Amino acid sequence: MIYYTQFKTRLWEIILVGNELGLSNLHMVTEAGKRNFEISDKWQRNDSFFETIKEQILEYFAGQRKQFDITLNPQGTDFQKRVWEQLYAIPFGEIRTYKDIAIAIGNKKACRAVGMANSKNPLPLIVPCHRVIGSNGKLTGFAHGLKAKEQLLKLENYPE
């Protein structure tokens, strides 16, 4: 059985999807960006199943949490999972470039592929793809819109 829940944060609504194997999707309803997300009628709403995750996310938005302690189960290719592992390792309040991530996975020429894997990240916020910027220091691409990326970095006190 796959479960889901929805709740509001101080910035936008969040939808969580997962099962006993872990959290598989986190969607931020930012009204921007290019990611469409629909709740399947095959999923069962179960707010209590996600209570601990919801608490951690609300603590993050309140400035009281810098790391998440959540079992993750993202679905993707082996390459995407390697990129997401590197994203997960970026500390709170720090950034990396797409090239930094490409080098970390052992292929310094894979910057565009890293960008594509970022755009497919099913667990933004927890797997912090918002902490990846262009080599020129500019905020680039975020499936939920650049304004949301900027808001998350500001929340993490990243210098502008």
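## Close-up views of selected regions

**View 1. Cys111 is partly exposed, with a relative accessibility of 26%.** Here, buried means under 20% relative accessible area, exposed means over 50%, and partly exposed lies in between, with a 1.4 Å probe and protein chains only. The model is a predicted one, in which local features need pLDDT of at least 70 and side-chain atom pairs count only at pLDDT 80 or more, whereas totals for chains, interfaces and linings use all residues. Residues are numbered from 1 along each chain as its sequence is written, and side-chain values use heavy atoms, with hydrogens and water left out. The structure holds 0 disulfides, a disulfide being a pair of cysteine sulfur atoms within 2.5 Å. Cys111 is in no disulfide, and its nearest cysteine sulfur, in Cys129, is 16 Å away. That separation is too far for a bond. Cys129 is buried, at 5% relative accessibility.

**View 2. Four strands form an open sheet in the order β3-β2-β1-β4, with mixed pairing.** Helices (H or I, at least four residues) and strands (E, at least two) are DSSP runs numbered from the N terminus, and two strands pair if DSSP finds at least two bridges between them. The edges of the sheet are β3 (22–29) and β4 (44–45); each has a single partner strand, so one side of each is left without a neighbour in the sheet. Strands of a sheet pair through backbone hydrogen bonds, either parallel or antiparallel.

**View 3. Strand β1 pairs with β2 in the antiparallel sense and with β4 in the parallel sense.** β1 comprises residues 3–8, and its pairing with β4 extends over 2 bridges. Tyr3 stands opposite Gln44 of β4, while Tyr4 has Arg45, also in β4, as its bridge partner. Towards β2, there are 6 bridges, and Lys8 stands opposite Glu13 of β2. The two strands β1 and β2 form a hairpin with 4 residues between them.

**View 4. Helix α1 (residues 51–61) lies across β1, β2 (13–19) and β3.** Contact means heavy atoms within 4.5 Å. The helix runs at about 145° to β2; axes are lines fitted to C-alpha atoms, for helices over the stretch in contact, and angles run from 0 to 180 degrees between N-to-C directions. The buried residues of α1 are Ile53, Gln56, Ile57, Tyr60 and Phe61. Seen down the axis of α1, these buried residues fall within an arc of 140°, so they line one face of the helix. The arc is taken from the directions from the helix axis to the C-beta atoms. An α-helix has 3.6 residues a turn, so residues three or four places apart point the same way. The cover over the buried residues of α1 includes β1, β2, β3 and α5 (146–155). Just after α1, Gly63 adopts a positive phi of about 80°.

**View 5. The count of salt bridges comes to 4, among them the pair formed by Asp47 and Arg45.** A salt bridge is a side-chain nitrogen of Lys or Arg within 4 Å of a carboxyl oxygen of Asp or Glu. Side chains of opposite charge can pair when their charged atoms come close. Between Asp47 and Arg45, the N to O distance is 2.8 Å. Asp47 is partly exposed, at a relative accessible area of 38%, and Arg45 is likewise partly exposed, at 40%.

**View 6. Further salt bridges include those of Glu59 with Arg65 and of Arg96 with Glu94.** The side chains of Glu59 and Arg65 meet at 2.8 Å, N to O. Glu59 is partly exposed at 25% relative accessibility, as is Arg65, with a relative accessible area of 21%. For Arg96 and Glu94, the closest N and O atoms are 3.1 Å apart. Arg96 counts as partly exposed at 26% relative accessibility, and Glu94 is partly exposed with a relative accessible area of 35%.

**View 7. Leu125 has a positive phi of about 85°, although it is not a glycine.** This residue, Leu125, lies in the loop between α4 (111–119) and β6 (132–133). Leu125 is buried, with a relative accessible area of 1%.
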